[in-house]
Amino acid sequence: MGNRRSKAQNPIRAPLAWTILVIGSVALWLLSGCGSDLIAAAIQAEKAGDYPAAVDLYRQELALDPHDKDAVKGLAVDLFLLRQFDEALIYQESAVRLEPGDVQLKVELAFNYLNHQGEPQKAVEVLREATRVERTARLLTFLAQAQLAAGQPQEAEVSLRSATAEDPSYAWAYALLVKMLGDQGRGAEAEAVRQTALAAGIVLQSAP
């Protein structure tokens, strides 16, 4: 275990990677449960890369059934892919209301708030809800990033230390904690965290 090297994820880019995973998971969910010809046609359009056509088909489905979960989720994903973040937000919020226990939907909504809406406090609230549903090091680290953006460094530190306790092998939590402590001029504490990570078999790159 002592020789295992784990390169820490970049705390800025990792949420994007998570969003891509979420998009893929939602697409698989839709493929497994489409209930109408319009939904099926929308999925085929997505597979062909024609997201504007898919959006139009999902809109048609919602005109027939305003509560169709597949259509709401499909619009949330496809509008996000088309970088129509403001409109995607409407459907993401609706999807979370329809599926309050779906952690992936909460995460994608939170990162729209954080990265595209300039509302980090809303991201904090949504991610805190997500950690109540599923307490993992990854989600706690996402929460910490939102807390930092919202100007809550003490809360972020608690979340990051909780993340390392939840999963001592999760390198990104250590990396973000080391960077945060270093930025605060707490070099000795940052080095202590780095050594704790090293003891767990994780070698962190020095912060740029």
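1. Buried means under 20% relative accessible area, exposed means over 50%, and partly exposed lies in between (1.4 Å probe, protein chains only). Lys69 is partly exposed, with a relative accessible area of 35%.

2. This is a predicted model: local features need pLDDT of at least 70, side-chain atom pairs count only at pLDDT 80 or more, and totals for chains, interfaces and linings use all residues. Numbering starts from 1 along each chain as its sequence is written, and side-chain values use heavy atoms, leaving out hydrogens and water.

3. Salt bridges come next. The rule asks for a side-chain nitrogen of Lys or Arg within 4 Å of a carboxyl oxygen of Asp or Glu. The count comes to 11 salt bridges. In one of them, Glu87 pairs with Arg59, with the closest N and O atoms 2.8 Å apart. This pair links distant parts of the chain: Glu87 sits in helix H5, Arg59 in helix H3 (residues 51–64), 28 residues apart. Helices here are DSSP runs (H or I, at least four residues), numbered from the N terminus. Glu87 is partly exposed at 25%. Arg59 is partly exposed too, at 32%.

4. Lys69 forms a salt bridge with Glu99, at 3.4 Å between the closest N and O atoms. Lys69 lies in helix H4 and Glu99 in the loop between H5 and helix H6 (103–116), so the pair ties together parts 30 residues apart in sequence.

5. Which residue forms a salt bridge with Arg186? The partner is Glu157, the closest N and O atoms being 3.0 Å apart. Arg186 lies in the loop between helix H10 (171–183) and helix H11 (187–199), and Glu157 in helix H9, so parts 29 residues apart in sequence are tied together. Arg186 is partly exposed at 22%, whereas Glu157 is buried at 16%. Salt bridges that share partners join Glu157, Arg161, Arg186 and Glu189 into one network.

6. Ser159 is also in helix H9 (residues 153–166). Is Ser159 buried or exposed? Ser159 is buried, because its relative accessible area is 6%. Its contacts (heavy atoms within 4.5 Å) are Leu140, Leu143, Ala144 and Gln147, not counting residues up to four places away in sequence.

7. Arg83 deserves a look. Most residues other than glycine have a negative phi. Arg83 has a positive phi of about 65 degrees, although it is not a glycine. Arg83 lies in the loop between helix H4 (69–81) and helix H5 (85–98). At 60% relative accessibility, Arg83 is exposed.

Notes:
Helices (H or I, at least four residues) and strands (E, at least two) are DSSP runs, numbered from the N terminus.
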